[in-house]
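Good morning, colleagues. Please bring up the sequence and the model on your screens, and I shall take you through a few points.

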Amino acid sequence: MLSNAFNSISSWRNYRATPLLKLNKLQKNLKLNNIFYKDESKRFHLKSFKALGGAYAVEKISKGKKNITISSATAGNHGRSVAWGAQRLKLKCKIFVSQYVSETRVNEIKKFGAEVIRVKGDYENSLKECQKQSKKNNWKIVQDVSTKNYKYVPQLTMAGYSIMIKEISKQTNQYITHIFLQAGVGGLAAGVVAGVAKYFKRIPKIIIVEPDQADCVLQSIKSNKLKKIRIKKESIMGGMSCNEMSLVPWQILKSASDCCVSISDKNIAKTIAGLKDKKFSKISITGGECAAPGVIALIGICNNIKAKKFLNLNESSNILVIGCEGNADVKLYKQLLSKGRK
Ligand SMILES: Cc1ncc(COP(=O)(O)O)c(C=O)c1O
């Protein structure tokens with residue numbers, strides 16, 4: 001499945017591996033050998049790793065048919081990928097969003113020719129409505145969240161994400177010792193872990209990073225079962241503000257993760273500004289609200305002697321952080337950047 005994903009996606013028009021940057025100033029400050037930053041702001045023109053998942057799943061499940069309609073529910077970036085994937089193949093597309101999805105994100109989805117349907121309530125309501133209307137109209141649902149009876153399509157999205165690791169295996173010959181992986185429902189993290197198993201020669205330590213308001217991976221691992229949590233306040237890390245893990249990622253991450261870290265919204269704006277204003281690297285990096293958490297967690301752990309020792313982080317460590325999105329929500333990015341510069 002992973003090789004197929006790479007072969008398909010790398011044949012798409014304008015495909016290029018996203019840059020593997022170095023946070024050379026930060027690695028010096030934290031006394032680490034290397035900090036690599038995979039810059040997904042450059043992923044096609046969608047500015048997020050999500051471009052790899054939904055669009056690939058659309059291609060696989062449509063099997064060349066032209067008279068089908070694709071549907072999906074989304075918090076933003078996944079729907080954008082699905083809409084783009086449908087447009088590439090000239091398929092009709094219906095995207096369901098909750099009342100919390102910003103108008104900027106909705107407009108980005110519409111740009112790819114999809115019809116956007118707003119649903120009152122949260123993400124779960126938008127998913128239920130998507131399922132109801134899709135059943136009635138025989139639309140093909142492309143969701144990135146897996147459940148007991150819905151695994152294949154989410155697995156395709158994860159296979160799409162795994163190509164980041166295939167690219168990295170060609171971009172450096174340094175062995176990566178630690179990977180910091182942001183998680184919402186866990187699809188990104190599980191896709192990367194699958195990629196590591198296939199493409200890396202050595203298995204690094206896996207550190208999962210979540211918003212403290214939405215730490216469903218941490219809570220699930222702690223109690224050794226899938227745990228649904230209650231989100232009291234939505235995190236600014238919108239794409240990661242999820243209350244329950246996807247089933248397949250749970251099955252992968254429960255044994256593959258070495259450590260879970262949860263972080264608050266407090267340092268997001270400052271870190272976005274730091275990336276942009278070359279505080280961490282020699283070049284300026286556009287990293288959005290879900291790109292910052294990996295850097296924040298790494299700094300937090302390095303400032304905690306016990307945690308640093310536990311994870312064996314030292315001067316020979318080669319860290320990988322995933323800069324999973326750029327300014328995918330342009331308005332929010334501008335706000336956070338100016339807040340972070342104050
Ligand atoms: C933009 C965006 N959306 C969503 C997520 C979460 O991905 P997943 O729900 O697959 O864990 C991330 C990654 O942290 C992200 O950067």
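How do the residues of the lining of the second largest pocket divide into nonpolar, polar and charged? In this predicted model, the lining comprises 4 nonpolar, 6 polar and 4 charged residues.

Let me stay with that pocket for a moment. The second largest pocket holds about 210 Å³ of space. Its lining is formed by 14 residues, and those closest to the centre are N267, K270, T271, F280 and I299. Of the contributors, α12 gives the most, with 4 residues.

I turn now to the packing of two of these helices. In general, a pair of packed helices is described by the angle between their axes and the distance between the axes. Helix α12, residues 268-276, meets helix α13, residues 292-302, at an angle of about 100 degrees, and their axes are 9 Å apart. An angle of 65 to 115 degrees counts as roughly perpendicular, so α12 is roughly perpendicular to α13. On the α12 side, the contact is made by I268, T271 and I272, and on the α13 side by A292, P293, V295 and I296. Sorted by class, this contact has 6 nonpolar residues, 1 polar residue and no charged ones.

Finally, consider helix α8, residues 163-171. Its buried residues are I163, M164, I165, K166, E167 and I168. Among the elements that cover the buried residues of α8 are the helices α1 (2-9), α7 (152-161) and α9 (187-199), together with the strands β1 (20-22), β2 (34-39) and β10 (318-323).

Methods. Residues are numbered from 1 along each chain as its sequence is written. This is a predicted model: local features need pLDDT of at least 70, side-chain atom pairs count only at pLDDT 80 or more; totals for chains, interfaces and linings use all residues. Side-chain values use heavy atoms; hydrogens and water are left out. Axes are lines fitted to C-alpha atoms, for helices over the stretch in contact, and angles run from 0 to 180 degrees between N-to-C directions. Helices (H or I, at least four residues) and strands (E, at least two) are DSSP runs, numbered from the N terminus. Angles under 35 degrees count as roughly parallel, over 145 as roughly antiparallel, 65 to 115 as roughly perpendicular and the rest as oblique. Contact means heavy atoms within 4.5 Å. Ala, Val, Leu, Ile, Met, Phe, Trp, Tyr, Cys and Pro count as nonpolar, Asp, Glu, Lys and Arg as charged, and the others, Gly among them, as polar. On a 1 Å grid over the protein atoms alone, a cavity is a set of points where a 1.4 Å probe fits but cannot get out, and a pocket is an open set with protein on both sides within 12 Å along at least five of seven lines; lining residues have an atom within 4 Å of a point. Grid points are joined across faces, edges and corners, and a volume is the space filled by probe spheres set on the points. Buried means under 20% relative accessible area, exposed over 50%, partly exposed in between (1.4 Å probe, protein chains only).
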